[in-house]
Amino acid sequence: MKRIYSKIILAALGVFSLNSCIEEVVPQGGSGGVTLDQAANAPGSFQKFVDNLTGNLCGKFTYSGSDHDVYDFGYPSFFLTRDVEGQDIVPVGTNNWYNTWYQDMAHLGPGWARTQVPWTYYYGWIKDCNTVIKMAGATDYADPAPDKRHGAGEAYALRAMYYLDLCRMYASKPYAVDSAALTTIKADETRTIEASLSQERMKWNEAFAFILKDLDRAELLLSDYSRADVYTPNLSVVYGFKARTYLEKQDWANAEKYAKMAQQGYTPLTEEQYLSHDNGFNSPNEAWMFAVRFKGTDPNILENDGDSSWGSVMLLENGFDGGYAANYGGPNVIDRHLFETIPSTDYRKKCWVDFKLDNLSKAAAIDSLKQYSDYPDRVYASGVSNASYGLGGLSLKFRNAAGKADVKYDAWCVSVPLMRVEEMKLIEAEAAGMQNLERGKQLLTDFARLRDPQYVYGQHTDAYGNTKTSPFQNEVWWQRRVELWGEGFATFDIKRLNKGIIRSYANTNHHEGARWNTSEVPNWMVWCFVGTETNYNSGITSNPDPQKPNADSDEYKW
Amino acid sequence: MLPTFSSIGNENITWETTSNFNAGIEFGLFGNRLNGEFNYYNKKTTDLLFWLSIPESYGARGYYGNVGDIRNRGLELMLNADIIRTKDIRWNVTGNISHNATKILKLDPSKTMNYGGFSESNKTVNVQMWYQEGGPLYNAMLPEYAGVNESGEALYWVDQAIKDDPKLSNSSKPGTQHSYTTTDWNSASYYAQGSLLPKANGGFSTSLEIYGFDVNAAFDYQLGGKVYDNGYARLMTNVDTKGTGYTYSKDILNSWSPNNTSSNIPRFQYMDQYTTARSTRFLTSARYLNFQSCSVGYTLPISMSKKFMASRLRIYVQGQNLLFWSARKGLDPRYTFAGTNTTGINSYAPVRTIMGGVQVTF
C-alpha cells in the first residue's frame with residue numbers, strides 16, 4: 001500500500017476559489033414594464049385604463065393567455081359554466097367543453113385549472129377596478145379628481161357587479177338560509193400582500209355592505225355621465241346592479257324601487273326583435289341596458305379559428321367549417337321539461353327546436369326547421385350529424401351577426417346582453433309581490449302577456465325540492481328561466497331560492513350518468529376555491545370539495 | 001390599447017449572490033495506466049431569486065423576490081484505466097459518476113409563517129413541490145396512492161387533521177399522518193415525497209483494439225431519483241366520458257376485476273373518476289441505462305492496404321442511441337426530473353442511427 005500511495009502524483013491539488021461572488025442581473029419591474037405612478041402620469045393614460053375595464057370583459061383569453069381552452073373567452077363564458085350545473089342548459093354532444101361543469105365534478109376540486117378560471121378572471125378584473133380607483137385618487141372612497149369621476153364611477157359599478165357574482169358563486173349557503181354564511185374574499189384598493197396571506201371570506205352581510213357602498217359611490221359619480229354606447233355602465237346600470245343586490249338580499253322595497261328606476265328609457269323586446277333571424281340577441285336595442293361584444297380584432301376571434309368564442313359555442317347557423325355548437329359536436333340545448341312547460345301561445349317557445357322534430361324524417365325535419373332558421377340544413381347537421389344528439393331543444397335564441405353567417409369569422413362578432421330591461425321588470429314584479437301579492441301578480445301578468453297574450457297566472461309552480469318558496473316566487477322564477485335562458489341567471493336563481501335540481505324524469509334530454517335529482521342546492525354549485533388561493537392564504541375557510549352523485553336518480557314524476 | 005397591470009413589482013428585490021467552493025484531485029497510478037479525477041463542490045446561493053406565489057385574489061399569482069438561501073453540494077469522480085496495453089491489444093475503460101444534493105438553508109419569513117414552508121406547483125407537469133428550511137429542492141408533494149378497495153376502486157391516503165381543518169386545503173402543507181383511505185381523490189392529503197433529483201449519474205465507456213479490430217462502446221446512466229410518469233397515467237386512464245377512446249397500455253389487462261382481486265391496479269370501469277388521479281402511483285424511478293453508441297471496425301494490415309494505393313484502410317459499423325432501459329418501456333427520464341408531460345415524452349425520442357463506412361487514408 002505504501003508503494004501505491006507513494007506513487008500518487010498530485011498533479012493538481014485542488015482549485016480553490018473561495019467566495020468568488022457571481023452577481024447576476026435582476027430584472028427590475030419586468031420586461032419594459034411601468035409602475036402605477038408612471039402610468040398615472042402619462043398623458044391620456046387614465047382613460048385607457050378606464051376603457052380597459054369594459055374592453056377586457058370578453059374576447060381576450062384572459063385566463064391562459066393562449067388559445068388552449070375553448071371556454072376562455074370572458075364574461076359570457078361564465079353564463080354557461082354556471083348554468084350547466086343546474087338543469088336548464090344541457091351541454092350535449094360528444095365534444096362539449098362545458099361538460100365538466102355539468103357532470104365531471106372530479107375536475108372541479110381545488111387542484112384543477114377549471115377551478116382557477118373564475119378566480120383568475122374575476123380577481124383580475126377586480127384588480128383593474130382597484131387600479132382605476134387608485135389612479136383617480138379615490139382610494140378608500142376619497143373624492144376622485146374632477147376629471148376622473150366617471151372613470152372611478154365605472155370602476156365602482158363593475159367592482160360591485162363582480163363581487164355580487166362572486167358571492168353568488170362561492171357563498172356556502174344562500175343568504176335566505178344563513179345571512180352570516182361566508183361568501184368570497186374582499187380585495188379592494190387598500191389591501192396589502194401581507195393582509196392577503198391570512199384573510200377570511202366576507203360574510204353575506206359584510207359583502208352586501210361593501211357592494212352597496214361601491215354602488216352608492218358609482219351612483220354619485222355617474223349621476224351626470226352620458227355614455228357613448230351600451231358597452232359601458234351608466235346610472236341605469238348602477239340601478240340595475242342595486243336591484244339585483246337587493247333582490248339577493250331580500251330587501252324587497254329597495255329591490256322594487258331600483259328595478260323600477262333602472263327601467264327608465266328602455267322598452268322590452270317585441271316579438272319581432274325576440275325572434276329575429278338576423279338580430280336575435282346579437283346586437284343592442286332599446287331593451288338592452290348593458291352588454292359586451294366580440295370584435296374582429298379580439299384574440300378569441302382571431303386565434304384558434306375563432307373557436308374559443310361565444311359564437312362558436314352557442315350559434316348553430318354558420319356556413320363555414322368551424323364552431324363547437326355548429327360543427328364540432330357541442331351545442332347547448334334547453335332542458336326538455338322547461339321547454340314543454342312553455343305554452344304554445346308563448347312566442348319565446350320558438351327560440352328552441354321542438355322535440356317533436358326528432359320523430360320526423362330528415363326531409364320533414366329540415367322542412368320544419370325553416371320556421372326557426374334560414375339555414376335549416378345547418379341546424380339539422382349541428383344536432384344530428386355533428387353532435388349525434390338530435391334536434392329537440394337546440395337553441396336559436398342567439399344568432400350570428402346579421403348577414404354574416406357565411407363570413408369567417410365575422411359571424412361570431414356579436415354582442416351579448418349582460419342586463420336587459422325585462423330582468424328589471426321581473427325583479428320589480430317579484431319584489432312587489434313579496435310585499436303585496438296582488439300587486440306582484442299584476443306586474444308579473446302584465447309582463448308575461450307581452451310574451452304570451454293568453455298567459456294565465458298560476459300555471460308554473462314546480463317547486464324543485466323547496467316547497468317553502470311561495471307559489472308566486474316559483475311563478476316568477478319560471479318566467480326568469482324562460483326569459484333569461486342562456487344569459488347567466490339559472491344557477492344564481494337556484495341558489496337564491498334554495499332549490500334542488502331535476503334532471504331525471506320521463507323523456508328527459510339529460511345525459512345518462514348525469515340524470516341527478518337533488519332536493520337541495522347541489523354541492524357543486526357552491527364553488528370550491530383553487531389551491532392558488534388556499535395554499536397561500538391561511539385565513540380562508542374552504543368550501544367542501546364537489547361530490548358527484550353515485551348513480552342516476554329515479555325519474556321524477558311531475 | 002387596453003392597458004392592465006400584469007404583474008406586481010418588488011421594490012425590495014436585491015442581488016442574488018453565489019459563493020462557490022471547489023476542491024479537486026487529479027491522480028495517476030501504475031505509470032499512469034490508472035488515472036482519474038475527484039472533485040468536490042459547495043455552491044451557496046443567498047437571496048435566491050424565486051417566484052413567490054401569493055393568494056390569487058390579489059389579482060396576480062405572485063411576483064419575483066428573494067426567497068432565501070440554498071446550497072448545492074456534490075462530488076464528481078472520474079476513472080480511466082488502460083487494463084491491457086501491449087503491441088497488439090489495447091483495452092481501455094473509462095467511467096464517471098457525480099452526485100449532487102440540494103438543501104434549503106433559509107427562507108423568507110413571509111413564506112414560512114403560515115405553514116412552516118410553502119408549496120409551488122410545477123406548471124408543466126402538475127407536480128407540486130414543497131419548500132421548507134432544511135429540506136431539499138424538488139421535494140414533490142403528492143397524494144399517496146393506497147392501492148384498491150374491495151370493489152377495485154383506487155384509494156388515497158388522508159391526514160385527518162388536515163381534512164378536518166376548514167382553513168387548510170389538502171395541499172396547503174404536507175400531511176404527516178396516514179389516518180384513513182378514501183376513494184374521493186379531492187379529499188386526499190398531499191404528502192412530501194423527498195427530492196426527485198437522482199442520487200447519481202454519469203457514464204462509462206470502453207475501447208478495445210485487438211489485431212486490427214477496434215471496438216468502442218459508450219453508456220450513460222442515472223441512479224435513484226424519481227419522475228412523475230404523466231404519460232403512463234394517460235395510458236392507464238379509464239373511459240369517463242362518452243367521447244371516443246384513447247391509446248391504452250397493455251397493463252390495463254391486469255386491472256382489478258372480480259377474477260383478479262389481488263391486482264394493485266384499479267378496475268377499468270366506465271365513469272370512475274379517480275382511477276388515475278395524480279398520486280404517488282405514477283411517481284416512478286428515474287433510473288436508466290442508455291447504450292449511447294458503439295462502433296466496430298477493422299483496419300487492414302498495411303501490406304494489404306497498399307494494394308489499394310492507401311496508407312491506411314479501415315472498414316467500420318457504428319450506431320447511436322442503440323438501447324435504453326428505464327423503469328417502464330417508453331419512459332425517458334433524461335429530459336426532466338420533474339416529470340413527463342401527458343403525452344409521455346418531453347421531446348421526440350432520439351433517433352437511432354446505424355451506419356457503416358470505409359475510411360481510406362492516402
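Is the crossing of helix 10 of chain A and helix 18 of chain A left-handed or right-handed? Let's work up to that. What you're looking at is a predicted model, where local features need pLDDT of at least 70, side-chain atom pairs count only at pLDDT 80 or more, and totals for chains, interfaces and linings use all residues. Residues are numbered from 1 along each chain as its sequence is written, while chains are lettered from A and ligands numbered from 1 in the order in which they are written.

Start with helix 10 of chain A, residues 235-249. Because 15 of the 15 residues are buried, helix 10 of chain A is largely enclosed by the rest of the structure. Buried here means 20 or more other C-beta atoms within 10 Å of the residue's own, with C-beta atoms placed from the backbone. Just past this helix, Gln250(A) takes a positive phi of about 60°.

Now for its partner. Two packed helices are described by the angle between their axes and the distance between the axes. The axes of helix 10 and helix 18 of chain A come within 10 Å and cross at roughly 35°. (Axes are lines fitted to C-alpha atoms over the stretch in contact, and angles run from 0 to 180 degrees between N-to-C directions.) And the crossing is left-handed: the near helix is turned anticlockwise from the far one by less than a right angle. Gly240(A), Ala243(A) and Leu247(A) in helix 10 meet residues of helix 18 including Met424(A) and Ile427(A), where a contact needs C-beta atoms, placed from the backbone, within 7 Å.

Helix 18 of chain A (residues 421-435) also packs on helix 19 of chain A (residues 437-451), at an angle of about 160° with the axes 6 Å apart. Helix 18 and helix 19 of chain A are therefore roughly antiparallel, a label for angles over 145 degrees. That crossing is left-handed too.

Finally, hop over to Ile366(A), which sits in helix 16 of chain A, residues 362-369. Ile366(A) is buried, with 20 other C-beta atoms within 10 Å. Leaving out residues up to four places away in sequence, Ile366(A) touches Pro376(A), Asp377(A) and Tyr380(A). Ile366(A) and Asp377(A) are 11 residues apart in sequence and 6.2 Å apart in space, C-alpha to C-alpha.

Methods. Helix = DSSP H or I, 4+ residues; strand = E, 2+ residues; numbered from the N terminus. Expected span 1.5 Å × (residues − 1). Buried ≥ 20, exposed ≤ 12 C-beta atoms within 10 Å, placed from the backbone. Parallel < 35°, antiparallel > 145°, perpendicular 65-115°, else oblique. Contact = placed C-beta atoms within 7 Å.
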